[in-house]
Amino acid sequence: MSASTAPNLIAAVSEARQWDRLMELAKLGAITGTDGSPGVNRACLTPLDREARRLVISWAEALGLAVTVDEIGNLFLRHEGTDASAAPVLTGSHMDTQPNGGRFDGIWGVIAGLEAVQAIREAGVQTVRPIEVVAWTNEEGGRFAPGCMGSMAYAHFKPANSWDEVADQEGVTFRQALDEHRKAEAELTLRPLGGKPFAYLETHIEQGPRLEAEGKDIGVVTGIQGSRWFIVEVRGETAHAGTSPVSTRRDAVQDMVRAINALNALMTDPTDVLRFTVGQIEVMPNTSNTVADVARFTIDFRHPDKELLIANGDAIEPTIRSAVKGCEVTVTERFHALPVEFDPLVTDAVQRAADSQGLSSIALPSGAFHDAQFMVPLCPAGMIFVPCRKGVSHNPAEYSEPGQLAAGARVLAAALVELANR
């Protein structure tokens with residue numbers, strides 16, 4: 001069923017209701033950016049995360065949706081179809097944020113899914129297949145790295161216990177936080193981990209500038225580029241900054257700089273498609289008059305071409321080892337996801353929904369990774385993007401207009417109905 005055959009469905013999507021819910025959730029973990037922008041710091045598996053989930057659950061239960069949770073904390077809100085045995089259509093995103101995050105990244109995908117389902121119910125539109133709104137656990141990886149743990153476990157990309165020993169900055173492990181979280185939600189119905197959905201569709205702010213720059217309403221996402229993350233530890237020897245000859249030092253910082261310079265040369269890309277980032281650096285003992293004996297840094301490497309992602313990623317360790325002079329090096333890859341392409345079953349449904357509502361659109365890939373990436377092996381998957389101001393994200397200044405978000409929710413509602421009636 002397209003939007004043109006269900007105009008009451010499109011009218012039932014409430015811009016104000018969706019916006020009010022987003023703003024109410026933004027109070028939970030509210031922060032203020034350096035420019036005065038209102039942001040959110042709501043890490044996964046924290047009391048704030050649970051409070052936000054309780055709020056969303058209350059809205060879902062008021063609609064009569066069935067609420068379930070799985071062993072890794074993924075939350076599901078189910079709208080029943082006329083055939084309860086049919087494979088469901090899933091939609092959603094995540095509720096956790098970056099430490100210096102915005103009000104829309106992730107959480108809008110959950111609220112848009114809830115808004116679309118509420119509109120479907122209020123419009124009296126029937127679907128054969130159930131529709132489930134999902135909030136995935138730990139997409140951001142801000143507290144526990146890597147991100148997308150919930151969707152990876154659901155898709156059996158990795159076992160659910162793979163990250164038990166991953167610790168946050170306070171030394172709390174993911175397993176400890178998850179066990180505490182599950183006790184707090186013990187009354188929720190537990191469902192088996194995983195499943196075989198009919199399709200998956202995720203809405204998200206673009207986190208890039210193209211839609212705004214080109215004046216388009218909707219991004220029909222064609223796929224997600226691949227990502228490889230590494231942690232590098234350079235180990236040398238401490239020495240006195242005033243007495244130790246430079247020629248005899250095993251200086252971890254200097255070798256780290258040499259390694260990063262060599263990596264910059266490896267990752268040079270005149271087309272500016274490749275993404276290479278050193279985003280976190282730790283130095284010990286971190287004093288001004290001591291030669292450092294340990295330097296750790298992270299690498300975030302992304303590219304849409306599988307072969308280049310593999311080749312350059314595999315070259316990272318030998319490049320580092322050839323660059324350092326006097327230190328020992330350990331390179332650990334902590335995340336590896338190849339590029340994916342989305343299924344025309346989903347992307348075409350999104351395109352039809354946008355076209356039937358007179359919304360302008362472009363097809364574009366996602367530079368950021370999302371939970372949708374791990375749904376591709378399970379079922380046809382896709383994403384809907386809406387513009388965000390200046391392409392800013394992971395920042396309190398992140399912003400999308402209420403009308404832009406409502407347009408995305410209307411496209412989502414129409415696409416979900418089409419997919420759920422196949």
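**Close-up views of salt bridges and nonpolar cores**

**View 1. E333 forms a salt bridge with R228, with 2.7 Å between the closest N and O atoms.** A salt bridge here is a side-chain nitrogen of Lys or Arg within 4 Å of a carboxyl oxygen of Asp or Glu. The model is predicted: local features need pLDDT of at least 70 and side-chain atom pairs count only at pLDDT 80 or more, whereas totals for chains, interfaces and linings use all residues. Residues are numbered from 1 along each chain as its sequence is written, and side-chain values use heavy atoms, leaving out hydrogens and water. The pair links distant parts of the chain, 105 residues apart: E333 lies in strand β16 (residues 328-337) and R228 in strand β10 (residues 226-235). Strands (E, at least two residues) and helices (H or I, at least four) are DSSP runs, numbered from the N terminus. R228 is buried, at 3% relative accessible area, and E333 is partly exposed, at 32%; buried means under 20%, exposed over 50% and partly exposed in between (1.4 Å probe, protein chains only).

**View 2. D164 forms a salt bridge with R175, the closest N and O atoms lying 3.1 Å apart.** D164 sits in the loop between α5 (149-154) and α6 (174-184), and R175 in helix α6. D164 is buried, with a relative accessible area of 16%.

**View 3. L9, L25 and L77 touch the most other members of the largest nonpolar core, which has 68 residues.** Helix α12 (residues 402-420) supplies the largest share of this core, 12 residues. Such a core is a set of buried Ala, Val, Leu, Ile, Met, Phe, Trp, Tyr and Cys residues joined through side-chain atoms within 4.5 Å.
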